[in-house]
Structure formats: C-alpha cells, structure tokens
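Q: I've got a new model open and I'd like to learn how to read it. Could you take me through it?

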Amino acid sequence: MPVATPIDFESIFQLAPIGMCVSQNRRISACNQALASMFGYQQEDLIGQSFLILYPSPDEFERTGARIEPIINATGTYSDERIMKRANQELFWCHVTGRSLDPANAHASGIWTFDDLSAKRKVSQELSTREREIAALLAEGQTSKLIARNLHLSPRTIEMHRSKLMKKLNATTSSDLINKLLRIN
C-alpha cells in the first residue's frame, strides 16, 4: 500500500486560482498572489492592512462590516457581490465569500475568497456610495422593502435611490434596471 504524501496546504492557498485571505479583526493577516494581483498590490503590501484599503469609501467599509456581522454570527458564513477598489482606484464588481473562524465573534478571524466579476459586470462611475450599495443589493434580487429593512432606511428612501439609478442607467423598468446592473442587456 503506497504511503500518502502530506498535503501542502500553504502551496494550495498560495496557488489557488481565486483571491484568498485570512483576516483578524478586519485586517489581512495572510493573502495569496491571486488576491494581491486582483487588487493591484504586492502580497507584502497587504499583510497587516485593514480591509478598508479594498473598499471605495470608509463609509462602505463600515456599513458592510455592520451588515456582515449579524449574518456571520447567525450562520458562520457570508457571501455577496459588491463593488471593491483596486490600488489604482479603479472600481470593480467582486463576489466575496467568507467564513468566521470564531463562532463567538464574526470579525475576530476569518477566511475570505474574492472573485473578480469585472469581465462580466462593469461599474458605473457616476453612482454615489449609497447608490452602489443599493445597486449591489438590487442585483442580488432583494426587494426595496428588504433593502430598507437591512440598511435601516425607509422604503421611500430606497425607492428614491432606485429612481435615481434608473435615470442614471437609462432604465425604463425594474427588470431593465436589474439587467443593466448585471450588464446582461
């Protein structure tokens, strides 16, 4: 019977074809080359950095962290599509999935994957921070009422932002707006 060779988990992590990182208190403690390349950094430049440098704004960083926490605390995992920022300030759509390594504290430590969606979805540069956040939730299929509840805003405020999105993206119906957000039109 052949002896199994040990699995080299460090090599697997480093050579994975998707961006991966380990976090502690919303800081990057380890990342692979795919993540560094996706965001336009060197690996060593990301180690120890707050995830804030990967977000379009401090406000989006804070709101996303607040939105993630109750979901991870309840389920242990989190996944969404959101707009992120490269080192050269370019904004892009990214699918983010994470798992908490500490069931008692969502942000204490975790493992995260990042998948660049920019080849499929383009970012409209003229959207405000709040519009980008609402656009991401609409693209996930959430209703205005659910978005309002999740963001602690009134449904009327969400409808106002949806209306602005429709004008900016020249969408005539809600389904047209979703198609334009997903760039499948």
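A: One term before we start: a contact means heavy atoms within 4.5 Å. This is a predicted model, where local features need pLDDT of at least 70 and side-chain atom pairs count only at pLDDT 80 or more, while totals for chains, interfaces and linings use all residues. Residues are numbered from 1 along each chain as its sequence is written, and side-chain values use heavy atoms, with hydrogens and water left out.

Q: How many helices and strands are in the chain?

A: Helices (H or I, at least four residues) and strands (E, at least two) are DSSP runs, numbered from the N terminus. Here the chain has eight helices and five strands, in the order α-β-β-α-α-α-β-β-β-α-α-α-α.

Q: At what angle do the axes of H6 and H7 cross?

A: Two packed helices are described by the angle between their axes and the distance between the axes. The axes are lines fitted to C-alpha atoms, for helices over the stretch in contact, and angles run from 0 to 180 degrees between N-to-C directions. In this model, H6 (residues 144-151) and H7 (residues 155-168) have axes that come within 8 Å and cross at roughly 115°.

Q: Which residues of H6 and H7 meet?

A: From H6 you have Ser 144, Ile 147, Ala 148 and Leu 151; from H7, Pro 155, Ile 158, Glu 159 and Arg 162. By class, that contact has five nonpolar, one polar and two charged residues. For the classes, Ala, Val, Leu, Ile, Met, Phe, Trp, Tyr, Cys and Pro count as nonpolar, Asp, Glu, Lys and Arg as charged, and the others, Gly among them, as polar.

Q: Which residues of H6 are buried?

A: Buried means under 20% relative accessible area, exposed over 50%, and partly exposed in between (1.4 Å probe, protein chains only). In H6, Ser 144, Ile 147, Ala 148 and Leu 151 are buried. Seen down the H6 axis, they fall within an arc of 100°, so they line one face of the helix; the arc is that of the directions from the helix axis to the C-beta atoms. These buried residues pack against H4 (58-75), H5 (129-139) and H7. On the face turned away sit the exposed residues Lys 145 and Arg 149.
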